[in-house]
Amino acid sequence: MSIINDLKEIIKPYTENKIALENISEDTDLLKDLNINSANLVDIVLDVEEKFGITIDDASMNKMLTVKATIAVIEEKLAQNAG
Amino acid sequence: MNAQQILEKLPYSKPFLFVDELLHIDENGVKGTYTYAEELDFYKGHFRDFPITPGVILTETMAQIGLVCLGIYLLGDQNTHAKTAVVMTSNHIDFLKPVFPLEKVIVTSEKVYFRFNKLSCNVKMENEAGEIVCKGTIAGMITEKSHE
């Protein structure tokens with residue numbers, strides 16, 4: 001399964017905007033398009049850490065505002081783990 | 001940061017301050033008490049002729065001691081000139097026993113996690129008989145605002 005599909009499952013409990021979630025793409029903005037608040041964004045990041053077995057630092061967390069940026073952070077951390 | 005400094009930093013005042021004293025605080029949790037004064041306004045209407053402390057007030061008491069005091073402590077040493085702002089973002093509380101006017105309650109909070117400014121705690125409230133009156137989880141965002 002691709003990262004975006006995993007991300008969609010992780011985000012599901014935290015958004016009421018089911019249509020935007022169904023149409024999720026790299027351009028989706030987590031706050032603006034999915035109406036996720038800052039507290040739920042933290043929950044999503046913690047769930048991402050658990051799902052992918054990675055640790056996300058403050059600097060990376062601050063970048064995770066769009067699906068594209070989130071996937072980039074996940075891939076970067078996965079590459080670090082592999083290396 | 002000691003208990004007195006934390007109490008001074010609390011952004012509440014009467015009639016919406018629900019912390020009397022902090023018995024213990026460290027980076028993993030906090031324990032504090034509050035006694036509900038008979039003349040608190042909500043007892044006049046909750047319920048008519050039968051005063052019981054409303055669940056929202058019990059929740060607020062648990063949040064002020066368990067989330068806000070702990071949040072102030074956790075951020076406190078980082079910047080003494082900043083004001084700490086705490087916003088409760090979620091809670092899930094089970095209510096087991098009523099709390100009547102003049103009862104003293106003891107709130108104990110254990111940190112579950114504090115990451116990316118979000119503090120999540122397991123919190124319980126006991127009465128003076130040592131019975132648990134309510135318990136659950138409370139979470140909030142803890143941020144600092146510098147003086148402008």
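Colleague: How many helices and strands does the secondary structure of chain A come to?
Modeller: In this predicted model, chain A has five helices and zero strands. Helices (H or I, at least four residues) and strands (E, at least two) are DSSP runs numbered from the N terminus. The elements of chain A run α-α-α-α-α from that end.

Colleague: How should I read the numbering, and which limits apply to a predicted model?
Modeller: Residues are numbered from 1 along each chain as its sequence is written, and chains are lettered from A and ligands numbered from 1 in the order in which they are written. As this is a predicted model, local features need pLDDT of at least 70 and side-chain atom pairs count only at pLDDT 80 or more, while totals for chains, interfaces and linings use all residues.

Colleague: What radius of gyration does chain A have?
Modeller: Chain A has 12 Å, which agrees with the value near 12 Å for a compact globule of 83 residues. The radius is taken over C-alpha atoms, and the globule rule is 2.2 Å times the number of residues to the power 0.38. Along its principal axes, the C-alpha trace of chain A spans about 40 × 25 × 20 Å.

Colleague: What share of chain A is buried?
Modeller: Buried residues are 23% of the 83 residues in chain A. A residue is buried if 20 or more other C-beta atoms lie within 10 Å of its own, exposed if 12 or fewer, and partly exposed in between, with C-beta atoms placed from the backbone.

Colleague: Where is A:Ala69 found?
Modeller: A:Ala69 is in helix H5 (residues 67–82) of chain A. A:Ala69 is partly exposed because 16 other C-beta atoms lie within 10 Å.

Colleague: Which residues does A:Ala69 touch, not counting those up to four places away in sequence?
Modeller: A:Lys63 and A:Met64. Two residues are in contact if their C-beta atoms, placed from the backbone, lie within 7 Å. A:Asp27 is 42 residues from A:Ala69 in sequence, with 9.2 Å between their C-alpha atoms.

Colleague: What does UniProt list for chain A?
Modeller: An unreviewed UniProt entry lists "domain: Carrier" for residues 2–78 of chain A. UniProt positions are given in the numbering used here, feature names are shortened, and annotations may be inferred rather than shown by experiment. Over residues 2–78, chain A is 61% helix and 0% strand, with its end C-alpha atoms 13 Å apart.

Colleague: Turning to chain B, what is its average pLDDT?
Modeller: The average is 93, and 95% of the residues of chain B score at least 70. pLDDT is the predictor's confidence in each residue, from 0 to 100. Where pLDDT is low, the predicted coordinates should not be read in detail. The model scores ipTM 0.90 and pTM 0.92.

Colleague: In what order do the elements of chain B run?
Modeller: Chain B has two helices and six strands, in the order α-β-β-α-β-β-β-β from the N terminus. Its C-alpha trace spans about 50 × 30 × 25 Å along the principal axes. Of the 148 residues in chain B, 30% are buried.

Colleague: How do E4(B) and E5(B) pair?
Modeller: E4(B) and strand E5 (residues 118–126) of chain B are antiparallel, with nine bridges; strands pair if DSSP finds at least two bridges between them. B:Glu110 has B:Asn122 in E5(B) as its bridge partner. The two strands form a hairpin with two residues between them, and B:Phe116 in the turn has a positive phi of about 50°.

Colleague: And what lies between E5(B) and E6(B)?
Modeller: Five residues separate these strands in a hairpin, and B:Gly130 in the turn has a positive phi of about 85°. E5(B) and E6(B) also pair in the antiparallel sense over nine bridges, and B:Ser120 stands opposite B:Ala139 in E6(B).

Colleague: Is B:Leu102 buried or exposed?
Modeller: B:Leu102 is exposed, since it has 10 other C-beta atoms within 10 Å. B:Leu102 is found in the loop between E3 and strand E4 (104–115) of chain B.

Colleague: Finally, how many residues of chain B are in contact with chain A?
Modeller: Seven residues of chain B are in contact with eight residues of chain A. On the chain B side, strand E3 (83–95) and strand E6 (132–145) are the elements that give two or more residues.
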